[in-house]
Amino acid sequence: MSVFYTDVILPIPLEKAFTYAITQAEASFLKTGMRVAVPFGNSKIYTGIVYRIHQEEPTAYQAKEIYQILDEEPVLSERQLTLWEWISEYYMCSLGEVLRAALPNAFLIESETWIHKSEAFEEIDDLSQDEILVLEALEHQNKLKVEELGKILERKSVLPLVRKMIEKNIVEVKEEIYEKYRPKWVKYVRLNPDFAGEDEMHQLLDELERAPQQRLALMSFFSLRASGQDVVLLDKEQWLPLKSIKKNLEVTSASVQALIKKQIFEVQEVREDRVSFSQEEERLKELSPVQRDTLERIDQEFESHEVCLLHGVTSSGKTEIYMKLMRDALDRGEQVLYLLPEIALTTHIIERLRNFFGDHISVFHSRYSVDERVEVWNNLLAKKEKTGVILGARSSVLLPFDKLGLIIVDEEHDSSYKQFDPAPRYQARDTAIMMGHLHGAKVLLGSATPSIESYFNTREGKYGLVELQERFGQIMLPEIELVDIKEKYRKKRMSGHFSDRLVKLVEEALAAEKQIILFQNRRGFSPVVECKTCGVSPQCPNCDVSLTFHKFSNELRCHYCGHSRPLPSVCPACDSPTLDTKGFGTEQIETELQTLFPQARSARMDLDTTRGKYAYQKLLREFQSHEVDILVGTQMLTKGLDFGNVSLVGVLNADNLLNFPDFRAHERTFQLMVQVSGRSGRKAERGKVAIQTFNPYHVILQQVSLHDYPGMFKEQLEERRQFEYPPFVRLIRITLKDRDYNKVEEAAKWMGTSLHSIYGERVLGPTTPGISRIRNKYIRTLLLKIPKGASLKASKGQLMKVRSTFQAIPQFKSVQLILDVDPQ
């Protein structure tokens, strides 16, 4: 009898797939992309993905048997696995890490450890108090989880006790797998057809005279059915959701259940998706002549290029062009992936798209629950109509598409498309381009301020380029004014952090009943609290940063590890009460607004105010309906939001961005300033932008004020050519982390010496980053530059060998080594 094996990808960072033994029947049933439950390590059971079926016995270990087959059909396609292999190879991570990032958590069934009373147990006299407690608990319950045992014994470490009890044959441990995903079932009711006739109805109502609550529930049902509200057609029959009847405050659950028990109501349970956008589809708006011409040019570029860059100024109507392309793709029977960098923008765009695409839309991002994300995945596998357009953030590129025809990457320049932690540290824009290549789909990159790399690729002929330099409705681009706050401070014309010019512009906008957006790229009230007497400022105990003051909660908080403590009333070093704040964040701007413009309604949009699932939606809706006059926020405000009544945008401090120690700082500042400026004057009249700065003559700010993207591109490209940075080289950042300062220092020196011996001057470092300790781990970094002419594969191969050697050195075993390809 032939012996078969399967290589299984496990959701852990293993360099290779693990091999398991399977029977001939299992080999004929299993397909690549199916899930299997397999044992790994000390009896732990994991969910893995079948990668390959073969007859080659592993030589390094004896192959275990698989525990269970979890699917009848694959949950991954062959093309998806090919994309996973590319991500794994290009971004230098394991397939297991890609699996963990791609599959919603609920698919990764894991085992739970249960403790049972051993069948071989005989009464023992010398039991400890803890062992007696465990036995008593197992008398009441057949089995206990390890965590439950910890609560019973009121201590964290219970495993040593469990091991002793296993050795004494008192208990035994079993692993049981469990499914995390729970489908949503909705109960619908209808009137039993036996009571459909008029005579039967009168008789029923007479019988219910003695049960007024049941009669009320029945009348509530009739009322809802007559109004047509919430009525659903199931098998061409009218049914009502059970919860709709219960919405009537006077109707009790008991009365409805009584009607069901008496068979007056019939019940049917229907499985439904948790998120649905069913509504009537409207016709797409007519495109302007300029937009139609742009659309034709995009189609022409797609004939010769797989990827096309749409460089359209802010408010030029790019979204309308996207929607026309999406409609054409749907008419051809193709799927569309619409990628957005921010969840806030996803929320904003849903409102616009669902009017035109109805229930053809599904949304996928991390703010949705695990069950909601599983439903989108399953709908894609089932090829349901509602997966015609997938709208989502970066993780959407890992979904199982079948007929993908078009990928739109909106705001393609945005750094949010890059995954930072944990691995895989992929760039969603570049991954989308590779996915488009695998599916034979067209990829449209859109931005008012394209990344230098993408724009450079159009110059090299790799991508097509279409430019749209006119705002929709021929509205002029906003008038940008640079306000010299160094001069304003000297002349004492500052009110808090507002110059007299910005105050005047805000007053004019409020008087005209217009709305204002104020941008400050730092949350909290103040980034530093300092003692005026001794100069000490409270530091985070886990990170090398000062604590940020949050006035609303009156606490100091670290934005890196989350450590917080109440604001002290006196200096912890010298007991002086003279504590002062330095710098400012969005919270302080909001406070100053209440003093300067008490009549204006203001709101704040940053990470602190948008943690809830629907927080973005609520804030954006309030601003859209003019319940808020002034919106203060961080960079999430800058990305593609469309508000017709905003006439003024104020940037409180442009210098923080410019002075950041990064070769992309000037490019990012230009992009942020132009994007936030583009929120102003989008509908009727030309908007205004006031940018406060200590250096109004800085070349980047001058380019922003003139909307001079070509000038910025030319200058930055020349600098990067001169100093060898992307797009002329590829970068790989090597990061080392450890709790021991001396160990990480030694490891960095070893790594630096090894890399310098191979790559020479192409290695920068090791260096200490600006924040050298985060979460009690000291950090050192090195930067490897790979020129365009050099083989990327060979360079990575050499780096992987260095990594393997490094990880084999016993003294560096605890040092965490991170490789980040194309770091942002």
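Tutor: Start with burial: a residue is buried under 20% relative accessible area, exposed over 50%, and partly exposed in between (1.4 Å probe, protein chains only). This is a predicted model: local features need pLDDT of at least 70, side-chain atom pairs count only at pLDDT 80 or more, and totals for chains, interfaces and linings use all residues. Residues are numbered from 1 along each chain as its sequence is written, and side-chain values use heavy atoms, with hydrogens and water left out.

Student: Which strands pair with β3?

Tutor: Two strands pair if DSSP finds at least two bridges between them. β4 (residues 44–54) runs antiparallel to β3, joined by 6 bridges. There, Phe-40 has Lys-44 as its bridge partner. β5 (residues 68–69) also pairs with β3 in the antiparallel sense, over 2 bridges. In that pairing Ala-37 stands opposite Gln-68.

Student: In what order do β25, β26 and β27 lie in their sheet?

Tutor: The order is β25-β26-β27, an open sheet of 3 strands with antiparallel pairing. β25 (548–550) and β27 (564–566) are the edge strands, each pairing on one side only. The twist averages 30° from one strand to the next (axes are lines fitted to C-alpha atoms; angles run from 0 to 180 degrees between N-to-C directions). Between β25 and β26 (residues 555–557) there are 3 bridges. Thr-548 has Arg-557 as its bridge partner in β26.

Student: How do I read a nonpolar core?

Tutor: In soluble globular proteins, nonpolar side chains tend to be buried together. A core here is a set of buried Ala, Val, Leu, Ile, Met, Phe, Trp, Tyr and Cys residues joined through side-chain atoms within 4.5 Å. The largest has 111 residues. Those with the most contacts inside it include Leu-337, Val-397 and Ile-734. A second, separate core of 31 residues includes Ile-321, Tyr-322, Leu-325 and Leu-353.

Student: What does Leu-337 touch?

Tutor: Contact means heavy atoms within 4.5 Å. Not counting residues up to four places away in sequence, Leu-337 touches several residues, among them Ile-390, Phe-401, Leu-404 and Met-435.

Student: Is Thr-319 buried or exposed?

Tutor: Thr-319 is buried, at a relative accessible area of 12%. This residue is found in helix α12 (residues 318–331). Beyond four places away in sequence, Thr-319 touches Tyr-338, Ile-349 and Arg-352.

Student: Where is Ala-211 found?

Tutor: Ala-211 is in the loop between α7 (198–207) and α8 (212–227). With 18% relative accessibility, Ala-211 counts as buried. Ala-258 is 47 residues from Ala-211 in sequence, and 10.0 Å away in space, C-alpha to C-alpha.

Student: How many helices and strands does the chain have?

Tutor: There are 26 helices and 37 strands. The radius of gyration is 31 Å, close to the 28 Å that the globule rule gives for 824 residues, so the chain is as compact as a globular protein of that length. That radius is taken over C-alpha atoms, and the rule is 2.2 Å times the number of residues to the power 0.38. Buried residues make up 52% of the 824.

Methods: Helix = DSSP H or I, 4+ residues; strand = E, 2+ residues; numbered from the N terminus.
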